[in-house]
Amino acid sequence: MFIITFDVDVFDPSLLAATGTPEPGGLLWDETMNLLKIVGMDKHIVGFDVVELAPSKAHPSSNYTVAKLVYKLLNYAFINC
């Protein structure tokens with residue numbers, strides 16, 4: 001069994017700017033999804049949380065990006081079911 005805690009600060013600000021501590025040179029979308037998919041195929045994910053989104057009217061796309069991340073994590077949790 002595996003539990004994932006995902007801090008969105010890890011993403012590069014070009015992908016997700018609405019966070020408390022943006023990480024220049026951080027991870028990008030495709031590489032992160034590939035990693036999470038591999039984890040989902042290898043481990044039985046029983047839970048996860050996603051933290052550090054700081055919603056901002058200046059960066060509304062960040063909300064969508066985090067929602068899509070949660071959707072993808074749900075898919076990867078059930079990849080072997």
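**Briefing: a loop residue, paired strands and a ring cluster**

Glu52 sits in the loop between strand 2 (45-51) and helix 2 (61-77). Helices (H or I, at least four residues) and strands (E, at least two) are DSSP runs, numbered from the N terminus. This is a predicted model, in which local features need pLDDT of at least 70 and side-chain atom pairs count only at pLDDT 80 or more, while totals for chains, interfaces and linings use all residues. Residues are numbered from 1 along each chain as its sequence is written, and side-chain values use heavy atoms, with hydrogens and water left out.

**The loop residue**
- Glu52 is not a glycine, yet it has a positive phi of about 80 degrees.
- Glu52 is partly exposed, with a relative accessible area of 40%.
- Buried means under 20% relative accessible area, exposed over 50%, and partly exposed in between (1.4 Å probe, protein chains only).

**Strands 1 and 2**
- Strand 1 and strand 2 run parallel, joined by six bridges.
- Strands pair if DSSP finds at least two bridges between them.
- From strand 1 the chain passes through helix 1 to strand 2, in a right-handed β-α-β crossover.
- Right-handed means that, with the strands pointing away from the viewer, the path from the first strand over the helix to the second runs clockwise.
- Phe6 stands opposite Val50 in strand 2.

**The aromatic cluster**
- There are two aromatic pairs.
- The rings of Phe6 and Phe11 are tilted, with centres 5.5 Å apart and planes at 40 degrees.
- The rings of Phe11 and Trp29 are stacked, with centres 6.1 Å apart and planes at 25 degrees.
- This second pair links distant parts of the chain: Phe11 lies in the loop between strand 1 (2-7) and helix 1 (29-42), and Trp29 lies in helix 1, 18 residues apart.
- Rings of Phe, Tyr and Trp (its six-membered ring) pair if their centres lie within 6.5 Å; planes under 30 degrees apart count as stacked, over 60 as edge-to-face and the rest as tilted.
- Ring pairs join Phe6, Phe11 and Trp29 into a cluster.
- Phe6 is buried, with a relative accessible area of 8%.
- Phe11 is buried too, at 0%, and so is Trp29.

**The surface patch**
- Met1, Ile3 and Val46 form a nonpolar surface patch, with about 390 Å² of accessible area together.
- Nonpolar side chains (Val, Leu, Ile, Met, Phe, Trp, Tyr) are joined within 5 Å, like charges within 9 Å.
- Val46 belongs to strand 2 and is partly exposed, with a relative accessible area of 43%.

Terms used: Patch = residues over 30% accessible without salt bridge, like charges linked within 9 Å, V, L, I, M, F, W, Y side chains within 5 Å. Areas by Shrake-Rupley, 256 points an atom, 1.4 Å probe, with all protein chains shown as cover. Salt bridge = Lys/Arg side-chain N within 4 Å of Asp/Glu carboxyl O.
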